[in-house]
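Q: I have a new structure open and would like to go through it with you. Can we start with the terms and then take the parts one at a time?

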Amino acid sequence: MQAISNIFSEFNTPKKVIITMHQKPDGDAMGSTLGLYHFLLQFGHTVTVISPTNWAAFIQWMPGVKTVIDYDQKPDIANELINNADWLFCLDFNTLSRTKNMEVALSAATGQRILIDHHREPQEEKFAYGISDTSKSSTCEMVYDLITQSGNADKINDNIAQCLYAGVMTDTGSFRFPSTTASVHKMVAHLKDLGLAHAPIHEALFDNNSENRLRFLGNVLLNNMEVFYEYNTAIITVTQADLIKFDIKTGDTEGLVNFPLGIEGIKFASIIIDRGEERKCSFRSKGDFDVNTFARTYFNGGGHFNAAGGATTNSLEIAKQDFKNAMLANKDKLSTYTF
Ligand code: 5GP
Ligand code: MN
């Protein structure tokens, strides 16, 4: 993988471009791809954003989101765009398997794959150009860096500012995680200087719950959360029956895993959701417990040091037992609480 700066001189030569992200995109995945979309459009490129799957309703306000193709819904159109693309930007993921059903087409593409990502252990051999930086708060911050470092800060318009702000804000937990560096605040200050209205973005993302979602949250915290104080750990499990009962949609479970971390002393939180075809897991930690390694070792996943995910085909009950066994295997690290 060569440095991404090698493509800067090519920005002015119109190309066929697709931009994609990980399945079930979050604010950073959709914000960074659409931010880059609004940037590249200004050079006369033909640009299409493709999501491997559908996305949460709380993302639906983003400028440009209505042009995004859902691969699961329109595989034929998407495959043609992928096959014909000169550049295939891969944002907010670093292993092609994170694009689910799109993986085959993306692997076979003859254009150049370009990585912009901040997760651990990238598949560098799969990308012609790219940047992988785990110290970055978000892929949105990396798209901002790409725009400014390529000498194009004057191209940051309100659409770009809104998309990039949404991703950097959500991936930093509203500017609270340790990844919130001075550069993050400088970027936001720059976007504010350009006229960004940040308050409507917070409202669009956080004040749009359905009544069902809040009742689901209450139900889960009351009935489906187990706390292991000895190991500073908590786990939430969500059954398919509850997903159906509360009419839970893509995105409605986002952020649930953070609630147990708010319990005094808890440094490791997990959620396992029965999605039917698989049990999807999320892991969050505070301080020195490495959930990227935990997810890779026990749940075929990965991510960041303090936020990671994975999946298993075992039943919910067995997955929960697997989690408890894995917790016990890590009890020395978990019971010594330093952060
Ligand atoms: P979340 O728990 O919010 O789905 O994801 C937390 C972090 O872990 C995100 O940065 C996400 O990209 C990553 N992640 C989630 N699930 C998986 C997975 O199955 N495999 C890998 N490699 N990373 C994941
Ligand atoms: Mn991200």
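A: Helices (H or I, at least four residues) and strands (E, at least two) are DSSP runs, numbered from the N terminus. By that naming, Arg213 is found in helix H8, residues 211–223.

Q: What kind of model is this, and how is it numbered?
A: This is a predicted model, where local features need pLDDT of at least 70, side-chain atom pairs count only at pLDDT 80 or more, and totals for chains, interfaces and linings use all residues. Residues are numbered from 1 along each chain as its sequence is written, chains are lettered from A and ligands numbered from 1 in the order in which they are written, and side-chain values use heavy atoms, with hydrogens and water left out.

Q: Back to Arg213. Buried or exposed?
A: Arg213 is buried, with a relative accessible area of 14%. Buried means under 20% relative accessible area, exposed over 50%, and partly exposed in between, with a 1.4 Å probe and protein chains only.

Q: And how far is Arg213 from Cys163?
A: Their C-alpha atoms are separated by 25 Å, and the two residues are 50 apart along the chain.

Q: What about Arg176, buried or exposed?
A: Arg176 is exposed, at 63% relative accessible area. It is found in the loop between helix H5 (158–171) and helix H6 (182–193).

Q: Next topic, the metal. What holds the manganese ion?
A: The manganese ion, ligand 2, is coordinated by Asp28 (OD), Asp92 (OD), His118 (NE2) and Asp171 (OD), at 2.2 to 2.4 Å. Donors are N, O and S atoms within 2.8 Å of the metal (3.2 Å for Na, K and Ca); water is not among the atoms, so sites may look incomplete.

Q: How are those donor residues spaced in sequence?
A: The spacing is D-x63-D-x25-H-x52-D. The pair Asp28 and Asp92 links distant parts of the chain, 64 residues apart. Asp28 is in helix H1 (residues 27–40), and Asp92 is in the loop between strand E5 (87–91) and helix H3 (103–108).

Q: Are Asp28 and Asp92 buried or exposed?
A: Asp28 is buried, and Asp92 is too.

Q: Now the other ligand. Which residues are closest to ligand 1?
A: The closest are Arg98, His119, Lys280, Ser282 and Arg284, in a shell of 13 residues. A residue is near a molecule or strand if one of its heavy atoms lies within 4 Å of it.

Q: What sort of residues make up that shell?
A: The shell around ligand 1 divides into 2 nonpolar, 8 polar and 3 charged residues. Ala, Val, Leu, Ile, Met, Phe, Trp, Tyr, Cys and Pro count as nonpolar, Asp, Glu, Lys and Arg as charged, and the others, Gly among them, as polar.

Q: Which atoms lie by the polar atoms of ligand 1?
A: An oxygen atom of ligand 1 is 2.6 Å from an N or O atom in the side chain of Ser282. A nitrogen atom of ligand 1 is 3.1 Å from a polar backbone atom of Gly302, and an oxygen atom of ligand 1 is 3.3 Å from a polar backbone atom of Gly309.

Q: How much of ligand 1 does the protein bury?
A: Taken alone, ligand 1 exposes 490 Å², and the protein buries 79% of that. Accessible areas come from the Shrake-Rupley method with a 1.4 Å probe; for residues, only the protein chains shown count as cover.

Q: Which element gives the most residues to that shell?
A: E13 does, with 4 residues. The elements that give two or more are strand E11 (279–285), strand E12 (302–303) and strand E13 (307–312).

Q: Different subject. How many disulfides?
A: The structure holds 0 disulfides, a disulfide being a pair of cysteine sulfur atoms within 2.5 Å.

Conventions: Polar contact = N/O pair within 3.5 Å; in protein donor to acceptor, adjacent residues only side chain to side chain.
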